[in-house]
Amino acid sequence: MSKQDPKWRIPRRFKWPRHLLKLLGRVSDREVARRAGVCVATVAFERWRRGIPPAFPQRSPVAWTDEMISLLGTATDREVAAELGISPDSVAYKRRALGIPSFFPPTSKSPDFWTPKRDALLGTAPDTEIAKKLRISQGRVRYRRTTLGIPPFRPAPDPVKWTESMRRFLGKEPDEKVAARLGVSAAAVYTERNRRGIEAAGSVPESIPRDRRVAEIVRKPTADACEILVVIPQTVYSLRKDLGVQVPHPRSRWTASALRRLGKVPDAEIAAELGLKRETVALKRQRLGIRRQEVRRWTPEEDALFGTLPDGEIAKKTGRSKDSVVVRRRRHLGLPPVLQRPSGWTESILAQLGRVPDAEIAAEIGILPRAVADKRRKLGIPSWATRPWTPEEDVLVGTLPDVEVARKLGRTRQVVSRRRRHLGLPPVPDPSSRWTKRILAQLGKVPDAEIAAEFGLRRDTVGQKRRDLGIPSPTRYFWTPEEDALFGRFSEVEIAKRTGRTRQSVGDRRRRLGLSLVERPSRWTKRILAQLGKVPDPEIAAKLGITRGAVAQKRRQLGIPPATWRPWTPEEDALFGTLPNSEIVSKTGRTPLAVARRRRKLGLPQVSEPPSRWTESVLSRLGKVPDAEIAAELGIRPGTVAEKRRELGIRSWKTRPWTPEEDALVGTLPDLEVARKIGRTCQIVRDRRRHLGLPPVGEPSSRWTKRSLSQLGKVPDAEIAAEIGVRPESVARIRRQRGIPPSTVRFWTPEEDALVGTLPDSEIAKKIGRSRKSVRARRLLLGLPAVPQRPSRGT
């Protein structure tokens with residue numbers, strides 16, 4: 001695809017839709033940037049350009065009092081932060097600055113925890129496994145082992161036993177990918193490849209010359225160069241490096257117009273237009289040796305604003321930074337600062353700080369509750385939620401759930417829970433809580449991830465609830481005999497799916513058991529290998545469901561020439577001089593270029609073609625009759641007719657001028673029916689109707705019903721597209737316009753896996769509601785051959 005193709009063009013400025021503009025100043029810039037797909041600097045520049053303040057202003061420093069410092073180290077940082085109404089990071093920073101150790105709750109383990117039997121386990125397995133087995137922290141195991149002078153467990157790596165199935169990957173991919181595929185180290189792959197004299201992947205074969213013709217080929221896109229030279233992308237990269245060929249990135253945002261504006265326009269504006277960071281634009285400008293834009297001079301109109309408005313408002317009006325405004329007022333004009341507008345902090349409001357919740361004061365004077373908390377901390381006033389407990393409040397604790405007590409007393413749930421534990425009272429279950437008896441009964445018996453997926457919770461939430469109740473994590477760390485029996489029968493990927501473990505954990509267990517790697521059945525059977533060089537590479541690639549380059553690489557490894565390079569026989573040479581080149585192409589099955597080269601090599605003149613089918617009557621009908629009718633009459637393809645019409649500069653039959661009869665039909669029937677009657681596209685009819693100023697007539701109701709719109713983000717786009725009869729791309733576009741994230745990935749079920757490989761990929765995709773690419777990828781993952789498409793009834 002050329003660089004001039006519209007698909008590669010990058011818009012000069014991001015077009016902000018209305019639903020994203022409404023979010024500016026209401027949510028964080030990072031969240032808006034994530035939804036819009038641009039960087040945070042672009043969102044901040046647009047918000048500043050519109051004069052919208054940020055959603056979360058910067059916090060003011062915490063004013064630490066003696067009473068607040070006395071709480072440090074008496075409880076966890078999170079509990080102290082909840083009581084003081086500040087962030088846990090601020091508490092941890094202050095505690096470390098004063099040298100106060102962190103709070104550690106007393107351990108439940110007895111002093112004589114380490115028995116001789118438990119000491120004997122140290123050094124026989126990794127510390128993590130011993131810690132999980134004894135249900136203690138890894139630090140305690142490591143401290144005990146180092147105290148006794150026991151070295152850590154380091155199993156000796158097993159020597160790699162190279163088989164023929166493992167060696168066939170050497171040289172085809174980089175050593176790191178081969179190592180990850182085989183479950184060995186990259187050094188072992190490198191040593192074995194060098195020992196057998198196999199070149200690394202991406203090395204240039206000696207058969208490819210380094211001349212001007214090859215340099216012109218590698219200047220093309222990587223996919224086209226790989227197809228012409230029949231090599232892998234790494235080889236193309238190596239050829240470009242050897243020949244000194246530089247190929248610009250097709251998605252480069254630095255267009256000629258953007259480069260011309262460097263140094264003339266502020267870096268922030270260029271960064272906002274291109275969706276980059278300001279530092280990236282500055283770095284690009286410095287590399288090109290372009291100075292940044294000169295400092296903007298202060299105008300008399302701007303100087304007249306000083307002394308009448310505060311510095312912040314002048315900065316907003318002039319589009320300058322506040323520091324620049326302050327320097328101009330102090331050093332150059334020598335004017336005193338103008339105080340900010342009267343704030344809402346009256347004596348009556350200040351008297352309420354610490355006696356009324358911050359939210360009520362914020363609602364009264366029209367600011368954020370965080371601003372009230374900052375003002376209260378500056379004055380050294382404790383939070384209303386941290387006031388001393390009264391006897392009436394203590395009576396209420398333990399009679400209702402902590403959440404309800406917190407709502408009634410105006411305190412946080414953490415503070416109420418801490419007070420209840422201090423009084424020695426048990427918690428009161430919340431009847432409206434999502435933690436039902438069924439869920440609580442599964443804690444510690446079923447993994448947290450399964451409980452979270454079943455009841456729609458987060459895994460961290462389930463783990464926190466289990467730890468609050470003192471329930472240990474389910475022990476799924478040791479391998480059972482049933483799981484060990486799977487090795488030697490299935491591949492590592494299949495074992496990982498069956499046991500719910502990671503691929504790395506399965507590989508470590510296989511090497512510890514001393515078992516060899518089970519490979520998937522090779523697609524290169526004897527029947528397929530016998531067809532190499534006899535059948536064209538694209539046909540073999542279609543049968544196996546792989547690329548043509550993979551087939552060509554396998555053929556070159558076996559030293560088999562391609563099927564299209566067969567020698568010319570005397571019978572084929574006898575055709576030259578008696579038939580035109582086009583008939584020789586159809587009889588011999590060779591390309592027109594090969595036939596022309598052979599004729600020139602034999603020194604024979606070209607036989608004239610039969611009388612052209614493009615007669616005057618046929619040429620006069622081009623553009624007046626559909627191309628398909630002319631193609632059916634001449635016995636050629638419609639694309640050939642369209643190419644001949646474009647050569648003569650004749651417009652298509654669908655783009656012909658509108659007649660009065662066609663204009664009279666527009667607006668009387670739906671656009672789709674009008675398009676079918678006059679042989680034009682629906683889009684062209686719709687544009688013509690709008691040009692004439694006519695309203696739509698009898699259009700079918702929209703396919704996007706309330707039910708289909710409610711399924712966006714909950715059901716895969718392909719299923720919604722199949723239900724309402726549109727393309728999945730249209731569903732994805734509507735979903736992105738509404739700011740809805742895509743649905744989670746649908747996992748393959750055993751019933752769907754059993755269907756793969758029994759029918760063509762397109763039929764399976766229709767049955768299970770997935771895309772054909774997804775079915776093909778799943779079939780290749782399972783190592784199954786492709787099923788050819790069933791012949792249609794007309795063939």
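Here are some numbered notes on the structure above, written for a first look.

1. Where the values come from. This is a predicted model, in which local features need pLDDT of at least 70 and side-chain atom pairs count only at pLDDT 80 or more, while totals for chains, interfaces and linings use all residues. Residues are numbered from 1 along each chain as its sequence is written, and side-chain values use heavy atoms, with hydrogens and water left out.

2. The whole chain. Its secondary structure comes to 51 helices and zero strands; both are DSSP runs numbered from the N terminus (helices are H or I, at least four residues; strands are E, at least two). Of the 795 residues, 32% count as buried. Here buried means under 20% relative accessible area, exposed over 50%, and partly exposed in between, with a 1.4 Å probe and protein chains only. The chain exposes about 51,900 Å², and carbon and sulfur atoms supply 55% of that area, computed by the Shrake-Rupley method with a 1.4 Å probe.

3. Contacts along the chain. A contact means heavy atoms within 4.5 Å. Among contacts between residues at least 6 apart in sequence, 48% join residues at least 24 apart.

4. Helices α50 and α51. Look for residues 761-768 (α50) and 772-782 (α51), which pack at an angle of about 115 degrees with their axes 8 Å apart. That makes α50 roughly perpendicular to α51. Axes are lines fitted to C-alpha atoms, for helices over the stretch in contact, and angles run from 0 to 180 degrees between N-to-C directions. Angles under 35 degrees count as roughly parallel, over 145 as roughly antiparallel, 65 to 115 as roughly perpendicular and the rest as oblique.

5. What meets what in that pair. From α50, Asp761, Ser762, Ile764, Ala765 and Ile768 meet Arg772, Val775, Arg776 and Arg779 of α51. These contact residues divide into four nonpolar, one polar and four charged. For this sorting, Ala, Val, Leu, Ile, Met, Phe, Trp, Tyr, Cys and Pro are nonpolar, Asp, Glu, Lys and Arg are charged, and the others, Gly among them, are polar.

6. A closer look at Arg779. Leaving aside neighbours within four places in sequence, Arg779 is in contact with Leu544, Gly545, Val756, Asp761, Leu784, Pro785 and Ala786.

7. Helices α8 and α9. Residues 127-134 (α8) and 138-147 (α9) pack at about 115 degrees, with axes 8 Å apart, and are therefore roughly perpendicular to each other. Asp127, Thr128, Ile130 and Ala131 of α8 meet Gln138, Val141, Arg142 and Arg145 of α9. The residues of this contact divide into three nonpolar, two polar and three charged.

8. Helix α27. Which residues of α27 (413-423) are buried? They are Val415, Val416, Ser417, Arg419 and Arg420. Their cover includes α5 (77-84), α25 (391-396) and α26 (402-409). After α27 comes Gly424, with a positive phi near 75 degrees.

9. Helix α20. In α20 (residues 311-318), the residues Asp311, Glu313, Ile314, Ala315 and Thr318 are buried. Just after α20, Gly319 takes a positive phi of about 75 degrees.

10. Thr461. You will find Thr461 in helix α30 (residues 459-468). Thr461 is partly exposed, with a relative accessible area of 34%. Thr461 and Asp448 are 13 residues apart in sequence and 9.0 Å apart in space, C-alpha to C-alpha.
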